[in-house]
Amino acid sequence: MTTSQRMIKNLYRDSVSLMQFSEKLHALDGIKQASAVMATENNISLLVEAGLLASAVPPSPNDLLIVVEGRDEASTGAALEKAEAMLKQKSADAYAGEGGVRRVPPAQHRDGARVHVVCQFRPDIHARRVRRGGGAQGIATRSARDDVQRQRQHGGGDPAETLCA
Amino acid sequence: MQLRAASIGETVPRETFDAVIQSVFDTAVNLRLADEDRLITLLISEGYELPQGIRIWKNDLSLQTLTPGLRAAARGGVLRFDSSPLAVDLRGAPVWKCRVPELHADMNLAVTQKAWSIAWDLLNVEQEISNADIIADDLFQGNLDSPLSQRIAKPVLHLITSTEHYNLEDALLAAAKMIGLGPGVTPSGDDILIGFLAGLWSMAGQDQKQLSFIRSFGAELVQLSKGTSEISRTYIYHATQGQFSSSLSQLAEAIATGDGVEEATQTAMRVGHSSGMDSVTGLLIGLCIWNEVSTIPHRGRIKEVT
């Protein structure tokens, strides 16, 4: 396994596009893990600790740091090229194409803008949580869970309106 | 095309200012004010307010002509952008003000404790369902699945203990380990700190010792926030001033009054991918500081761990 990284300057994306971005990156041939976070000192330290960065890079908090772990250098290099191309494509879409308002159904609660870059996709953790069965607060939690699911099914509540962040 | 602003946050200049577009999102544009280290935000929303926000509401409005780097300027109360026909009339728009510092939440009241517990349960369920990196319960129970939660749990607990003891130095050491940590343009650590400040401001009331701590902590936190993104720094700055988004403010008020807490919690959690949940985590933890309410889940555990 090998890791590679790339810094994309001054890049801000909404949470939906970055989620999709992460999933696409992870699905690429030969890629085991992918992470895209703001290049802050604490995030860089976390990536080093997790073994996704061989050594610390200078922090640059307004830039996006993409790190991939894959089968070999060819895989990770290709993934980073693809990542940058995807982000540039999104940039063109966002700034020159559709540009303005995107309406997403309330059930997905994505009306806007509070932006989020992607964390690592970890199917192992997801599976563990599913096995654990969610909350651990007994009846009260199960009831609350039902409420949440019911609201989702009915698309309840206003869509989240957010702000780019 | 000239639109009327539906509302304006209290910290937005009203008449005249110069700015540059810092970032563009689907329903929001951040503007960096000239000669100031802060952003204001033009957002399309039916009701979401920000202290730094200029809110407009119009279906099918396009922001396609706006790109980062373009200049913007308000003259005579009308905001215009270079190379764009879009203009926003700020004149006469109602000013939105966050009321969190005026809440004086009393966590000793049964109604407040019940509201807190409802919000806590809803939060943990939503975090589990959405497979969030940070699950509030786990921070206190040691079930730390993700590298992020493993890394952030200890600073969160230290932040709680040091704040309880008015230990500014230790609180800042904990905050330094949280700043800029996690996914997102407003990373999870920042969101928790913002929520935490909302909790403290909600309760501080007229207690001078508490207010003094919050202000001192806030002043230093603004310096620490240079270690995170410019957008996140803006939210942190306003949080140190007791100013928060409408969704977080409404949840704080719902807990303080016991009214509408379920809806307010759901709304606050829906912000962004995980930002809302992280902020609510911080808010609920912040509300546990400086009181001896043993009926709140984890209250004893927080003390035990720390």
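Biologist: Leaving aside neighbours within four places in sequence, which residues is B:Thr281 in contact with?

Modeller: B:Thr281 sits in helix α10 of chain B; helices (H or I, at least four residues) and strands (E, at least two) are DSSP runs, numbered from the N terminus. Contact means heavy atoms within 4.5 Å. With neighbours within four places left out, the partners of B:Thr281 are B:Leu123, B:Gln127, B:Ala136 and B:Leu139.

Biologist: What kind of model is this?

Modeller: Residues are numbered from 1 along each chain as its sequence is written, while chains are lettered from A and ligands numbered from 1 in the order in which they are written. Side-chain values use heavy atoms, with hydrogens and water left out; local features need pLDDT of at least 70, side-chain atom pairs count only at pLDDT 80 or more, and totals for chains, interfaces and linings use all residues, this being a predicted model.

Biologist: Which residue's backbone oxygen does the side chain of B:Thr281 reach?

Modeller: B:Thr281 has a relative accessibility of 0%, so it counts as buried; buried means under 20% relative accessible area, exposed over 50% and partly exposed in between (1.4 Å probe, protein chains only). Its side chain comes to 2.8 Å from a backbone oxygen, that of B:Met277.

Biologist: Are the rings of B:Trp120 and B:Phe140 stacked, edge-to-face or tilted?

Modeller: Over all chains there are six aromatic pairs. Rings of Phe, Tyr and Trp (its six-membered ring) pair if their centres lie within 6.5 Å; planes under 30 degrees apart count as stacked, over 60 as edge-to-face and the rest as tilted. The centres of B:Trp120 and B:Phe140 are 6.1 Å apart and their planes stand at 40°, so this pair is tilted.

Biologist: How many residues apart in sequence are the parts that B:Trp120 and B:Phe140 tie together?

Modeller: B:Trp120 is buried, with 1% relative accessible area, and B:Phe140 is buried at 2%. B:Trp120 belongs to helix α1 (residues 110–129) of chain B and B:Phe140 to helix α2 (residues 136–141) of chain B, so the parts they tie together lie apart in sequence by 20 residues.

Biologist: Which residues make up the ring cluster that includes B:Tyr166?

Modeller: B:Tyr166 and B:Trp290 form a stacked pair, 5.2 Å centre to centre with 10° between the planes. That pair links distant parts of the chain, 124 residues apart: B:Tyr166 is in the loop between α3 (147–164) and α4 (168–178) of chain B, and B:Trp290 in the loop between α10 (275–286) and α11 (299–305) of chain B. B:Tyr166 is partly exposed at 24%, whereas B:Trp290 is buried at 15%. Ring pairs join these into a cluster of B:Tyr166, B:Phe213, B:Phe217 and B:Trp290.

Biologist: What is the phi of B:Asp35?

Modeller: B:Asp35 lies in the loop between β4 (28–33) and β5 (39–44) of chain B and, at 83% relative accessibility, counts as exposed. B:Trp290 is a residue other than glycine with a positive phi, near 65°. B:Asp35 is not a glycine either, yet its phi is positive, at about 65°.

Biologist: Which strands of chain B stand at the edges of the ten-strand sheet?

Modeller: The sheet is open, with mixed pairing and the order β1-β9-β8-β7-β3-β4-β5-β6-β2-β10 (chain B); two strands pair if DSSP finds at least two bridges between them. Two of its strands have a single partner each, so one side of each is left without a neighbour in the sheet: β1 (2–4) and β10 (95–96).

Biologist: What is the radius of gyration of chain B?

Modeller: Buried residues make up 64% of the 306 residues in chain B, and its C-alpha atoms fill a box of roughly 60 × 40 × 35 Å along the principal axes. The radius of gyration is taken over C-alpha atoms, and the globule rule is 2.2 Å times the number of residues to the power 0.38. For 306 residues a compact globule would come near 19 Å, and chain B agrees, with 19 Å.

Methods:
A polar contact is a pair of N or O atoms within 3.5 Å; within protein, one must be able to donate a hydrogen and the other to accept it, and residues adjacent in sequence count only if both atoms are side-chain atoms.
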